[in-house]
Amino acid sequence: MDNQHSDILIVGAGMAGLSCAVRLAGAGRDVRVLDKGRGPGGRMAARRADIDGETVGFDHGAQFFTARDPRFQSTIEQWQERGVVARWPEADTGEDKAWVGTPGMNGPIRAMADGLDVRWGVRAMNISQLNGQYRVDTGDAVYSANIVLIAVPAEQASDLLTDIDPELASVPAQVVSEPCWAVMAGFAQPLPIASDCVADHDARIAWAARNSAKPGRTGVECWVLHASADRSAEIIDLPKEEVGPILLKDFADQTGAIVGAPIHVTAHRWLYAKPAAATGEPARFDADAQIGIAGDYLHSPRVEGAWISGIALADAVLGSQSPSP
């Protein structure tokens, strides 16, 4: 197996991992990022589908994000200048302004990954140590590094860290994430629903959005439905082919709208959709062991929470030592 070395290796190229990587690379550190996904997104993923001869996109994970931290607000302004985010007033919540990635939710993730050494489609399977260096086994290759940072969902972080650092693993181990079934459906005609967003956290469909109405989207009438945590748990092990029709019926019953047969429908199961945030610092870094964790579960289960956690972890690394030769 190949052995590839970097000063810092980050596992996870979602918002937390990439905000951390951008900060560290900007400080001159040698950073490599591994991600099991085929491309940018994580829980901000966007999925393409061919419907009636046209390629359309579905935001089947995070639907929008808000910003309260001045640093994150400044970052969003930069993304807006680059054309990778846009305002979506229909999803504003009180004083919080809603933003979406363009042309899909993974727009800012893709922009952050540009210029970084990100290896897509690479799953970290095991972390060990040899001669004072960390070794991350991916099955096809072994990546070594002086510092390893884990920025994946809590349950996955705990599994990776259990053998190498049980104390650090205990932090994500205490986190429980709620599941979510997402349905992506396309229709030949617009659905008779006045609002582009339907939110009811006490209902079977906790969230529904006319995806095709978001800024930068084109194509046929497209909707994304997110089942509530309870409803998702009820049908958690069903095949996705069965989940789509079930949740479309829930949506029709809930809204009273006549939802005709879709011309496209598929479903995706998010096992770790919404974590319960752990208490304490927004990131954890063991300066002696040179290993750390970041993720929304350490701050708040929001896109902004993931960004803040990644920045906090990068700052902890930068404050712990001088760059390795």
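Colleague: Which residues do ring pairs link into a cluster?
Modeller: F65, F72, W79 and W307. Rings of Phe, Tyr and Trp (its six-membered ring) pair if their centres lie within 6.5 Å; planes under 30 degrees apart are stacked, over 60 edge-to-face, the rest tilted. This is a predicted model: local features need pLDDT of at least 70, side-chain atom pairs pLDDT 80 or more, while totals for chains, interfaces and linings use all residues. Residues are numbered from 1 along each chain as its sequence is written, and side-chain values use heavy atoms, without hydrogens and water.
Colleague: How many aromatic pairs in the whole structure?
Modeller: Eight, from a search of the whole structure. One of them is F64 with W88: the centres are 6.5 Å apart and the planes at 65 degrees, so that pair is edge-to-face.
Colleague: Where do F64 and W88 sit in the chain?
Modeller: F64 is in the loop between β4 (54-58) and α2 (70-82), and W88 in the loop between β5 (85-87) and β6 (99-101), 24 residues apart. Helices (H or I, at least four residues) and strands (E, at least two) are DSSP runs, numbered from the N terminus.
Colleague: Is W88 buried or exposed?
Modeller: Buried, at 0% relative accessibility. Buried means under 20% relative accessible area, exposed over 50%, partly exposed in between (1.4 Å probe, protein chains only). F64 is partly exposed at 23%.
Colleague: What about F64 and W207?
Modeller: A tilted aromatic pair, 5.7 Å centre to centre with 45 degrees between the planes. W207 lies in strand β13 (residues 205-210), 143 residues from F64. W207 is buried, at 12% relative accessibility.
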